[in-house]
Amino acid sequence: MASLSSAPPIRPTSLPKARPKFRPPSKQLPALSVVMVNYHQWGETADLVRQLARSNCILAGGAEVVIVDNRSPSNPISGWLRRRREVSLRRWGKNRGFARGVNEACRLSRGKWFLLLNPDMTVREGFLDGVLALAKRLEVENPRAGIVGFQLRNPDGSRQLATGPFPTLVGTILRLVLPRSRRKYHVLRSRKLTQVPWATGCCLLLRRECMNDLGGLDENFFLYYEDVDLCRRARQRGWTVWYEPGLRVIHHRPLHARAVAVPIRVITRHALLTYSAKHWPAWQFQILAWLVWAEAWVRTRWKRWKGDAAKAEQYAV
């Protein structure tokens with residue numbers, strides 16, 4: 001679990017840090033770089049690499065896999081990954097958060113396009129080849145297409161929502177009555193490539209030029225909402241954001257399908273506060289901050305009354 005003290009403080013005027021430099025591509029280099037951030041998921045990361053390695057574009061050298069590990073315990077799988085021709089692995093001695101992990105992996109990558117993939121994904125045969133074909137088509141047909149999300153499925157085959165509206169104060173409050181699986185998202189039934197406000201970062205195609213223009217993910221986000229922020233900034237800079245339902249993956253453990261541990265609950269609140277500090281009027285940010293403080297106050301006292309001092313202290317953060 002990520003340390004709560006690792007998350008940066010919220011400031012209404014906070015801005016992204018200095019833009020990372022991503023190496024320019026070359027004709028001799030892979031066209032597509034699969035970017036993964038590992039955190040205590042060595043087994044799943046290895047399984048996903050095995051699935052990707054069967055792709056024609058990997059076998060032909062047209063794609064690579066770049067992994068950044070956020071201080072996971074040592075595991076023999078790391079050595080196995082380092083020995084694979086198509087894989088580059090960077091291990092950190094500290095958990096620096098998802099956004100910084102992605103930016104580092106992109107900096108180390110060589111492709112014209114980045115494909116962000118969570119380790120807890122299963123990809124179908126031909127998926128990566130389809131992504132690369134889509135990227136090449138967009139280069140010709142839509143040079144301002146900067147970000148593309150894909151169809152997600154649950155392990156039982158049911159649809160998992162992947163896009164949504166930009167968060168607002170009123171929407172955030174009203175959507176609390178919805179099931180967790182729908183609070184951030186909206187139902188999109190398009191069968192063709194469609195423009196959307198934002199797409200989830202668990203499986204996201206990013207054009208290198210777009211990432212260079214935006215300076216990568218905003219590292220003020222430790223975890224969550226960095227994808228929403230990225231899509232919003234991309235649209236503000238004239239890039240377009242798309243959803244392609246013709247290519248699908250299975251996402252095994254989305255946040256809304258899991259019991260939310262206290263540290264994760266704290267981190268999600270921190271992420272929403274970071275987003276609102278950047279994109280909402282100051283008075284709306286202050287209202288949200290007060291609501292989060294009130295929630296923390298109630299939960300802290302409830303856990304103390306229940307005798308759970310450890311969780312009470314986490315909520316007090």
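What radius of gyration would a compact globule with 317 residues have, and what does the chain have? A compact globule would be near 20 Å and the chain has 19 Å, which agrees; the radius is taken over C-alpha atoms, and the globule rule is 2.2 Å times the number of residues to the power 0.38. This is a predicted model, in which local features need pLDDT of at least 70 and side-chain atom pairs count only at pLDDT 80 or more, while totals for chains, interfaces and linings use all residues. Residues are numbered from 1 along each chain as its sequence is written, and side-chain values use heavy atoms, with hydrogens and water left out.

**Overall chain**

- The C-alpha trace spans about 60 × 45 × 40 Å along its principal axes.
- Eleven helices and twelve strands form the secondary structure; these are DSSP runs numbered from the N terminus, with helices being H or I of at least four residues and strands E of at least two.
- Of the 317 residues, 51% are buried (buried means under 20% relative accessible area, exposed over 50%, partly exposed in between, with a 1.4 Å probe and protein chains only).
- Among contacts between residues at least 6 apart in sequence, 79% join residues at least 24 apart, a contact being heavy atoms within 4.5 Å.

**Surface and charge**

- The accessible surface comes to about 15300 Å², and carbon and sulfur atoms account for 54% of it (Shrake-Rupley method with a 1.4 Å probe; for residues, only the protein chains shown count as cover).
- The chain has 53 positive and 23 negative charges, whose mean positions are 3 Å apart.
- Lys and Arg count as positive and Asp and Glu as negative, without His and the chain ends; the charge is placed at NZ of Lys, CZ of Arg, CG of Asp or CD of Glu.

**Strand S1**

- Seven of the seven residues of S1 (residues 32-38) are buried, so the strand is largely enclosed by the rest of the structure.
- Leu32, Val34, Met36 and Asn38 point one way, and Ser33, Val35 and Val37 point the other way.
- In a regular strand, side chains alternate between the two faces of the sheet.
- S1 pairs with S2 (residues 63-70) in the parallel sense over seven bridges, where pairing requires at least two DSSP bridges; Val35 stands opposite Val66 in S2.
- S1 also runs parallel to S4 (residues 113-117), joined by four bridges, and Ser33 stands opposite Phe114 in S4.

**Thr200**

- Thr200 lies in the loop between strands S10 (198-199) and S11 (203-207).
- Thr200 is buried, with a relative accessible area of 10%.
- Not counting residues up to four places away in sequence, Thr200 touches Leu152, Ala162, Tyr185 and Asp227.
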